[in-house]
Amino acid sequence: MLRKATVKDAQEIFKILQKYAIEGILLPRSLNSIYENIRDFYVYEENGKIIGTGSLHIFWEDLAEIKSLAILPEYQNRGIGRQIVQACIQEAKQLGIKKVFALTYVPSFFEKLGFKVVDKSEFPQKVWTECIHCVKFNECKEVPVLLEIGGQP
C-alpha cells in the first residue's frame, strides 16, 4: 500500500536510504533531515513492512524534485517505484507545479515515465542551494531528468 509517511516511519526510511548510500547508489540523508522533511515522503508498505520510499521536495513556485527514491532489492521490478513517482507527480500537479525533476543514476527508469534527460544548468536553485555542498559536486555522475506537467490536476 502506498501512503504518505508519518513520523514513525522515519527510522525505516533512513535504513532503506542508508543501504543505498553505503553502496554509492544514492546520496546519504541524515535521520534529522528525514524528520525535518517527513511531509515530503511517501512510503510503500507491505505486510506492515516499509519496502520503498520516495519524496517530492518543492524548490520554487514552478519546480519540484523527486528525491530519495529507493525500493528494497527483493521488491524491485514490481512497479513500486513507478507508483511512488506517479504519486509525487500527482501531488505536484495538485500544488500547481509545472516541472518535476530528479537527479538519478538510472535515467532510463525515469525516461519510461516520460522524463527527458536535460542539463543541470536548468536547475540553478538546486545546484546553488544543495549540490554546491555535496562532496561529489565536482565529480557528480547523477543525470538530471525533467518532466513538464503544466501544473494541472
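Which handedness does the β-α-β unit made by E4, H3 and E5 have? The unit is right-handed, meaning that, with the strands pointing away from the viewer, the path from the first strand over the helix to the second runs clockwise. You're looking at a predicted model, where local features need pLDDT of at least 70 and side-chain atom pairs count only at pLDDT 80 or more, while totals for chains, interfaces and linings use all residues. Residues are numbered from 1 along each chain as its sequence is written, and side-chain values use heavy atoms, with hydrogens and water left out.

**The sheet**

- Seven strands form an open sheet with mixed pairing, in the order E1-E2-E3-E4-E5-E7-E6.
- Helices (H or I, at least four residues) and strands (E, at least two) are DSSP runs numbered from the N terminus, and two strands pair if DSSP finds at least two bridges between them.
- At the edges sit E1 (2-4) and E6 (116-117), each pairing on one side only.
- E1 runs antiparallel to E2 (residues 41-46), with three bridges between them, and Leu2 has Tyr44 in E2 as its bridge partner.
- E4 and E5 go parallel, over three bridges; here Ala64 faces Val100 in E5.
- On to E7: six bridges join it to E5, and the two run antiparallel, with Ala102 opposite Val145 in E7.
- Five of the six residues of E5 are buried (under 20% relative accessible area; exposed is over 50%, partly exposed in between, using a 1.4 Å probe and protein chains only).

**Helices across the sheet**

- H1 (residues 10-22) lies across E2, E3 (49-60) and E4 (63-71), at about 85° to E3.
- H3 (residues 80-95) lies across E1, E2, E3, E4, E5 (99-104) and E7 (143-148), at about 30° to E3.
- Those angles run from 0 to 180 degrees between N-to-C directions, using axes fitted to C-alpha atoms, for helices over the stretch in contact (heavy atoms within 4.5 Å).

**Salt bridges**

- The whole structure has eight salt bridges (a side-chain nitrogen of Lys or Arg within 4 Å of a carboxyl oxygen of Asp or Glu).
- One of them joins Glu45 and Arg3 at 2.9 Å, N to O, linking E2 to E1 across 42 residues of chain. Both Glu45 and Arg3 are buried.
- Asp9 and Lys8 pair up too, with their closest N and O atoms 3.5 Å apart. Asp9 is buried at 2% relative accessible area, whereas Lys8 is exposed at 64%.
- Lys19 meets Glu23 at 2.7 Å, N to O. Salt bridges with shared partners also tie Arg3, Lys8, Asp9 and Glu45 into one network.
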